[in-house]
Amino acid sequence: MDQAHLFAIGVLLAWLAGIRVYLTVFGVGLAGYFGWLHLPEALQATQSPWVLGVSGALAAGEFFADKIPGVDSVWDLLHTLLRVPAGAFLAAAAMSPNGELGAGMLATGAGVALTSHLIKSGSRALLNTSPEPVSNWTASVTEDAVVVGGLALAFSHPWIALAIVVSISLLFASFVWWLWRKLFRRAPRPQPG
């Protein structure tokens, strides 16, 4: 693959890590372990049986924790410290032909992971204001499906996946902004008469 394709894949991995970091690492490692992909040197650590086991167990734990309203927001808050550096690593590792991580790609990956994480956690915090759990479960299952589908599409058609990711990010950011303004709009002040 050329550098442009690797850049797109790196950005996509960072974006997916901002949503489901363990599932992203597990998916990349699994693809490398079974030989579905030839991973760059820096990403080959993800195909280690230890990394696969730990990331798989944590992905399963996140699958269940993310379905419980309130718990998902605490989980997101705690994982802010993990998703951003993991996204930075995945982005830089995808672009690294010799195992060295470039500062520019680390910064790009961190920014992309932080953006997707903020959109995810912001939308989930707003969904938690709803008293029924169905919207939370639906959002969580959708996020799981997006990450699995995104991983498959990232390696087969990275430019299509990148266009979809940018579109989804813009739509969700607009929706969260609109909903935030709708829910927390100040009541008009009475005019002195």
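A pocket here is an open set of points on a 1 Å grid over the protein atoms alone, with protein on both sides within 12 Å along at least five of seven lines; a lining residue has an atom within 4 Å of a point. Now, the ground rules. This is a predicted model: local features need pLDDT of at least 70, side-chain atom pairs count only at pLDDT 80 or more, and totals for chains, interfaces and linings use all residues. Residues are numbered from 1 along each chain as its sequence is written, and side-chain values use heavy atoms, without hydrogens or water.

Start with the largest pocket. Its volume is about 300 Å³, where volume is the space filled by probe spheres set on the points. Eighteen residues line this pocket, and Ile119, Lys120, Ser123, Glu143 and Phe172 lie nearest its centre. Which helices contribute? At least two lining residues each come from α5 (103-127), α6 (134-156) and α7 (158-183). Helices are DSSP runs of H or I, at least four residues. α5 gives the largest share, seven residues. By class, the lining has eleven nonpolar, four polar and three charged residues. Gly counts as polar; Asp, Glu, Lys and Arg count as charged.

Next, the second largest pocket, at about 200 Å³. α2 and α6 each supply at least two of its lining residues. Nine are nonpolar, one is polar, none is charged. Among them is Trp36.

Where does Trp36 sit? In the loop between α2 (21-33) and α3 (49-65). Buried or exposed? Trp36 is exposed, at 59% relative accessible area; the cut-off for exposed is over 50%, with a 1.4 Å probe and protein chains only.

Terms used: Buried means under 20% relative accessible area, exposed over 50%, partly exposed in between (1.4 Å probe, protein chains only). On a 1 Å grid over the protein atoms alone, a cavity is a set of points where a 1.4 Å probe fits but cannot get out, and a pocket is an open set with protein on both sides within 12 Å along at least five of seven lines; lining residues have an atom within 4 Å of a point.
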